[in-house]
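Please keep the sequence and the three-dimensional view at hand while reading.

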Amino acid sequence: MDELAFEDFLLEEKRKELEKLAREEAERERQAEEQRRREAEEAAKEADRLQARAETERRRELLPQLMENAVRSLDKVWYVEPSEFKGKDLIRLYYNKSSGPLTNAEEIWIHGGYNKWKDGLSIVKKLNKPVVEGDDWWYTDVVVPEQAFVLDWVFADGPPQNAIVYDNNSNQDFHAIVTIPDEKYWVELEQLIYQKLQEERKLREEAIHAKAENTAKMKAETKERTLKGFLLSQKHIVYTEPLDVQAGSTVTVFYNPSNTNLNGKPEVWFRCSFNRWSHRNGPLPPQRMLPAENGTHVKATVKVPLDAYMMDFVFSESKDGGVFDNKFGLDYHIPVFGGIVKESPLHIIHIAVEMAPIAKVGGLGDVVTGLSRAVQDLSHNVDIILPKYDCLNLSNVKDFNFHKSYFWGGTEIKVWHGKVEGLSVYFLEPQNGFFWVGCVYGRNNDAERFGFFCHAALEFLLQSGFHPDIIHCHDWSSAPVAWLFKENYAHYGLSKAQVVFTIHNLEFGAHFIAKAMKYSDKATTVSPTYSREIAGHPAVAPNLHKFHGIINGIDPDIWDPYNDNFIPVPYTSENVVEGKRAAKQALQERLGLKQADLPLVGIITRLTHQKGIHLIKHAIWRTLECGGQVVLLGSAPDHRIQNDFQNLANQLHSSHSDHARLCLSYDEPLSHLIYAGADFILVPSIFEPCGLTQLTAMRYGSIPVVRKTGGLYDTVFDVDHDKDRAQTQGLEPNGFSFDGADAGGVDYALNRAISAWYDGRDLFNSLCKRVMEQDWSWNRPALDYLELYHAARKAASNS
């Protein structure tokens, strides 16, 4: 046995040992889970016992009040046989027709209930005529309700809908005593209530458990599909057989140089290692790739070691190097499954001024939360540092407590800690009052406030002994982190960290963004197309070598039609037609629109020039001309635009009240109902770095109608024109889009969309199902960001 074989033998023994430990750990976890389940069940039983006891006592205390005015019979008016009875007994009730106002009635009916009409009208019976001629005692048989202490009723000359004359005992009604319960009755009642509570709880828990299991299954399946798509996303360049690379197996790598910068090179060499180039055996010797059977591809075969968790490779034109294809500096990486070594988690810290849902102004807050959760779900460590605004929504912060105080810049800074959406968040509260101003943005000194916060955040990391791998800052508001870190902190205890900077919107703070671009190790923006659109901007152009576009995702737990309390019927792609039909009806009813099966266009937006307000207005009128309905939800920061839309709303609500509704405010529950109830969601932005509206729309099976710009172009593929472009992304077409920024462009997309609704409902419904099954969560972007984080670390180690 040579040295390598002996190492493999030891690794195989290690693998067996780890498998045994994993089985033992799984059994311990199973036992612990079973213990938790038993404890929860006992606690639930005790809660039900207490509730049953309290309910029994309440009924016992209510008894004297119920018995007031109740009798066994009323002389010459009514009586019961047998005279003593209890719940569930069959009794015969007699009534003397000639005793009151029903003397001349052709029919006699009892309208009854029990326990002072506790459940309203629950007994309705027609009385039989007397058997003996000349007798005025009419009768009927009644089953006494199980929980009745007192029977309540009136007599009438017809059933409830048709009765005219009543005998209601001079407005006091009639009340008969049911047998006064003894102590045994109360004991049995308490047990019955307890059993009922147990049964209801069991059914409720089973339903919750089944739904949670189904939700988890759908999420896992979506995640698996996304990972597969991630592996296949560059199939036109590189892929492996098998697709899922297993530790200890042999894998073939296929590469197509004709789609890369190695096109036309006479040779292609494969350079490979494992575990992000850190494997104990170092890189494998360069291997010349051989022609594959499928056209322009070349191939190489490699044995994957048992202690691999990642396969790393680049391509070159010769054995000695020369021209490389290293995926623009990121290298190629494919995860390895089943290895005996797991990747060490990264520690990522976001320094940001927004975070959903506690301090959300725009999309930045959604990104900070969504990206952090997705990366944490991939077993990495994430912390967020945020200002402690006095306007924070602390109801969404769990385990909120004081952490420490420190001083910087002559100011005491109090630090608080809590969990938001399962994420660790540190809140910095400088005692100079910078964040006691009732808002996030909008003060004259915003740049000074946020600059102070950025410096204070880095000082907090230093003084607290943090050693993050990545510090991620966002937009102009936390851009100073990049240069403050490099100029003041990179040479101290934070030297391990690399800085990643994300541009969310270049419209604001270009000077700060330019400086952060210069100092950051890697930079991103929120979609590939937006990255190209701003590549020539002076703030970006000098640093294109480290600039990447990564599409944003949405939070699939917040936006989930299967678990959404704001819509009437939960639905998945399997029952999307029924779910959206119910939501449309609820939306029409809530807004007072005509209850009809019509195409409904939803618009959910901030009303600013960026969002294409002139196109929105035109689309409203065009939808109405096509016989459709339109619902707009949004408000304008500019009061002139707000007033303009208020005038339009007044006009539409007067002339098209059953087809149009403009809701010019913020309304979270209504936004969910629009996403679910609309057939189309219109997003005609003039520019849109990413856009979350069209992604949320697809999550709810609504078809996006968008202008081709930024992230809208990257996520919406026109059903008539973008089949090939969608295919390169591993997708199918999912919406309607248009060029230009004029009425003709909107008409071109909107006309085709509404025609598709009218002309082929089955095809339209299948499109709704298709868009729901596409994954626009953070699953894929999180993988791309992790690649970028590792690339930043690699670049630093090589410098």
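## Strands, contacts and charged pairs

Strand β22, which spans residues 411-420, is mostly covered, since 7 of its 10 residues are buried. The model discussed here is predicted, and a residue is called buried when its relative accessible area is under 20%.

Strand β21 covers residues 398-408 and pairs with β22 in the antiparallel sense over 8 bridges. Within this pairing, Y406 stands opposite I413 of β22. The hairpin formed by β21 and β22 has 2 residues between the strands, and G409 takes a positive phi near 60° there.

Strand β23 is also joined to β22: the two run antiparallel and are linked by 8 bridges. In the hairpin of β22 and β23 there are again 2 residues between the strands. In this hairpin, E421 takes a positive phi near 55°.

Which residue of β23 is the bridge partner of K414? The partner is E429, a residue of strand β23, which comprises residues 423-430. Is E429 buried or exposed? The relative accessible area of E429 is 11%, and E429 is therefore classed as buried, the limit being under 20%. The side chain of E429 is joined to that of W436 by a polar contact of 3.1 Å. When neighbours within four places in sequence are left aside, E429 is in contact with K388, E412, I413, K414, W416 and W436.

A helix may now be considered. Helix α6, made up of residues 480-489, is mostly covered, with 7 of its 10 residues buried. The buried residues are P480, V481, A482, W483, L484, F485 and Y489.

A further buried residue lies in a loop. S573 is found between β27 (547-549) and α9 (576-591). The relative accessibility of S573 is 13%, so S573 counts as buried. The side chain of S573 makes a polar contact of 3.0 Å with the side chain of E773. Not counting residues up to four places away in sequence, S573 touches K769, M772 and E773.

Charged side chains form the last topic. The count of salt bridges in the model comes to 56. The table below lists some of them, with the distance between nitrogen and oxygen atoms.

| Salt bridge | N to O distance |
|---|---|
| R30 and E27 | 2.8 Å |
| K126 and E107 | 3.4 Å |
| K265 and E317 | 3.3 Å |

How many residues apart are R30 and E27 in helix α1? They are 3 residues apart, which means that about one helical turn separates them. R30 is partly exposed, with a relative accessibility of 47%, and E27 is partly exposed as well, at 33%.

The salt bridge of K126 and E107 has an N to O distance of 3.4 Å. This pair links distant parts of the chain, as the residues are 19 places apart: K126 belongs to strand β4 (residues 123-126), while E107 is in the loop between β2 (90-96) and β3 (109-114). K126 is partly exposed, with a relative accessible area of 42%, and E107 is partly exposed at 30%.

The side chains of K265 and E317 meet in a salt bridge of 3.3 Å. K265 is partly exposed at 30% relative accessibility, and E317 is partly exposed with a relative accessible area of 24%.

Salt bridges can also share partners. In this way E34, R37, R38, E41, E42 and K45 are joined into one network.

Note on methods: Residues numbered from 1 in each chain as written. Predicted model: local features only at pLDDT ≥ 70, side-chain atom pairs only at ≥ 80, totals over all residues. Heavy atoms only, no water. Helix = DSSP H or I, 4+ residues; strand = E, 2+ residues; numbered from the N terminus. Buried < 20%, exposed > 50% of the residue type's maximum accessible area, 1.4 Å probe, protein only. Polar contact = N/O pair within 3.5 Å; in protein donor to acceptor, adjacent residues only side chain to side chain. Contact = heavy atoms within 4.5 Å. Pairing = 2+ DSSP bridges. Salt bridge = Lys/Arg side-chain N within 4 Å of Asp/Glu carboxyl O.
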